[in-house]
Amino acid sequence: RSLDRGGGSSAAGASIWEHTRIALPFAAAGSLCFSVAVAGQLVGLVELPESIAMPLTQLNLVIAGCWGVFYYAEVTSKVLVQCFALAIVLDLGAAVMLNFST
């Protein structure tokens with residue numbers, strides 16, 4: 001069945017199987033990356049001391065935020081980008097201080 005409303009055979013009217021065939025390798029690669037990241041996080045939680053492992057697992061939010069702010073330009077206000085940069089500095093400083101608190 002065609003995805004376009006007119007039922008014609010246009011380029012925009014590719015079947016759902018064609019879209020699936022195109023998207024499937026990217027979805028598989030993304031899920032593989034996610035699985036490797038979760039496995040690494042679990043190994044870190046088991047093998048590292050709690051004072052090191054927990055901040056590291058929370059700092060993944062910094063990486064995700066950096067992608068959104070700097071690569072995808074989801075935030076364009078200079079003030080908000082500066083606030084985000086300050087938050088990163090505070091997060092990293094807190095992680096370092098937690099590491100030395102044991």
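Is Tyr-71 buried or exposed? Tyr-71 is exposed, with a relative accessible area of 57%, where buried means under 20% relative accessible area, exposed over 50% and partly exposed in between, for a 1.4 Å probe and protein chains only. The structure is a predicted model, in which local features need pLDDT of at least 70 and side-chain atom pairs count only at pLDDT 80 or more, while totals for chains, interfaces and linings use all residues. Residues are numbered from 1 along each chain as its sequence is written, and side-chain values use heavy atoms, with hydrogens and water left out.

**Aromatic residues of H3**

- Trp-67 and Tyr-71 both lie in helix H3, 4 residues apart, or about one turn of the helix; helices (H or I, at least four residues) are DSSP runs numbered from the N terminus.
- A pair of aromatic rings is described by the distance of the centres and the angle of the planes.
- Rings of Phe, Tyr and Trp (its six-membered ring) pair if their centres lie within 6.5 Å, and planes under 30 degrees apart count as stacked, over 60 as edge-to-face and the rest as tilted.
- By this rule the count comes to 4 aromatic pairs.
- The ring centres of Trp-67 and Tyr-71 are 5.1 Å apart and the planes stand at 75°, so the pair is edge-to-face.
- Trp-67 is partly exposed, at a relative accessible area of 47%.
- One aromatic cluster is formed by Trp-67, Tyr-71 and Tyr-72.

**Packing of H3 against H4**

- H3 and H4 pack at an angle of about 160°, and their axes are 11 Å apart; axes are lines fitted to C-alpha atoms, for helices over the stretch in contact, and angles run from 0 to 180 degrees between N-to-C directions.
- That angle makes H3 roughly antiparallel to H4, since angles under 35 degrees count as roughly parallel, over 145 as roughly antiparallel, 65 to 115 as roughly perpendicular and the rest as oblique.
- On the H3 side the contact (heavy atoms within 4.5 Å) is made by Val-62, Gly-65, Cys-66, Val-69 and Phe-70, and on the H4 side by Val-81, Phe-84, Ile-88 and Asp-91.
- By class, this contact of H3 with H4 has 7 nonpolar, 1 polar and 1 charged residues; Ala, Val, Leu, Ile, Met, Phe, Trp, Tyr, Cys and Pro count as nonpolar, Asp, Glu, Lys and Arg as charged, and the others, Gly among them, as polar.

**Helix H2 and its neighbours**

- Helix H2 (residues 50–58) and helix H4 (residues 78–100) pack at an angle of about 165°, with their axes 8 Å apart.
- The residues of the contact of H2 with H4 comprise 4 nonpolar, 2 polar and no charged.
- Between H2 and helix H3 (residues 60–71) the angle is about 20° and the axes are 4 Å apart.
- H2 and H3 are therefore roughly parallel to each other.
- Leu-56, Thr-57 and Gln-58 of H2 make this contact with Asn-60, Leu-61 and Val-62 of H3.
- The buried residues of H2 are Ser-51, Ala-53, Pro-55 and Thr-57, and they pack against H1, H3 and H4.

**Val-38 in H1**

- Val-38 has its place in helix H1 (residues 16–47) and counts as partly exposed at 31% relative accessibility.

Terms used
Helices (H or I, at least four residues) and strands (E, at least two) are DSSP runs, numbered from the N terminus.
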